[in-house]
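Please look through the sequence and the structure shown here before reading on.

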Amino acid sequence: MATQSLGRRFLHLIGRLVLVVLILVILFAIGLMVGYGVSGGDPFWAIFSPEKWQHLFSFLPI
């Protein structure tokens with residue numbers, strides 16, 4: 001009986017964690033779109049093009 005309750009709590013915790021990560025990813029994407037559209041002057045969906053990400057990652061010293 002106690003293990004079933006523990007399992008349910010674990011699944012509930014994992015569900016909340018997945019929900020929080022999903023919300024953070026969505027907010028990050030919206031922030032990228034707004035920031036790029038306002039400061040870049042280009043269309044806001046252009047931030048998701050592979051060429052733009054290759055350009056951004058070229059600045060990282062990897």
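## Overall form

The model discussed here is a predicted one, and its secondary structure consists of two helices and zero strands. The radius of gyration is 19 Å, well over the 11 Å that the globule rule gives for 62 residues, so the protein is more spread out than a compact globule. Along the principal axes, the C-alpha trace covers about 60 × 30 × 15 Å.

## Surface and burial

How much of the protein counts as buried? Of its 62 residues, 3% fall in that class, for which the relative accessible area has to be under 20%. The accessible surface amounts to about 5,600 Å², and carbon and sulfur atoms account for 75% of that area.

Which residues form the nonpolar patch on the surface? The patch is made up of L19, L22, I23, I26, L27, I30, V34 and V38, which together have about 760 Å² of accessible area. One of these residues, L19, is found in helix α1, a helix that takes in residues 2–40. With a relative accessible area of 48%, L19 is partly exposed, because values between the 20% limit for buried and the 50% limit for exposed are given that name.

I14 is likewise found in helix α1, and at 34% relative accessibility I14 also counts as partly exposed.

## Aromatic pairs

The aromatic rings of the model give a count of two pairs. In one of them, the ring centres of F44 and W45 are 5.3 Å apart and the ring planes stand at 80°, so this pair is edge-to-face, since planes over 60 degrees apart are placed in that class. F44 is partly exposed, with a relative accessible area of 42%, whereas W45 is exposed, with a value of 57%.

The rings of W53 and F57 have their centres 5.9 Å apart and their planes at 40°, so that pair is tilted. W53, at 26% relative accessibility, counts as partly exposed.

Methods:
Residues are numbered from 1 along each chain as its sequence is written. This is a predicted model: local features need pLDDT of at least 70, side-chain atom pairs count only at pLDDT 80 or more; totals for chains, interfaces and linings use all residues. Side-chain values use heavy atoms; hydrogens and water are left out. Patches are made of residues with over 30% relative accessible area and no salt bridge: like charges are joined within 9 Å, nonpolar side chains (Val, Leu, Ile, Met, Phe, Trp, Tyr) within 5 Å. Accessible areas come from the Shrake-Rupley method with a 1.4 Å probe; for residues, only the protein chains shown count as cover. A salt bridge is a side-chain nitrogen of Lys or Arg within 4 Å of a carboxyl oxygen of Asp or Glu. Helices (H or I, at least four residues) and strands (E, at least two) are DSSP runs, numbered from the N terminus. Buried means under 20% relative accessible area, exposed over 50%, partly exposed in between (1.4 Å probe, protein chains only). The radius of gyration is taken over C-alpha atoms; the globule rule is 2.2 Å times the number of residues to the power 0.38. Rings of Phe, Tyr and Trp (its six-membered ring) pair if their centres lie within 6.5 Å; planes under 30 degrees apart count as stacked, over 60 as edge-to-face and the rest as tilted.
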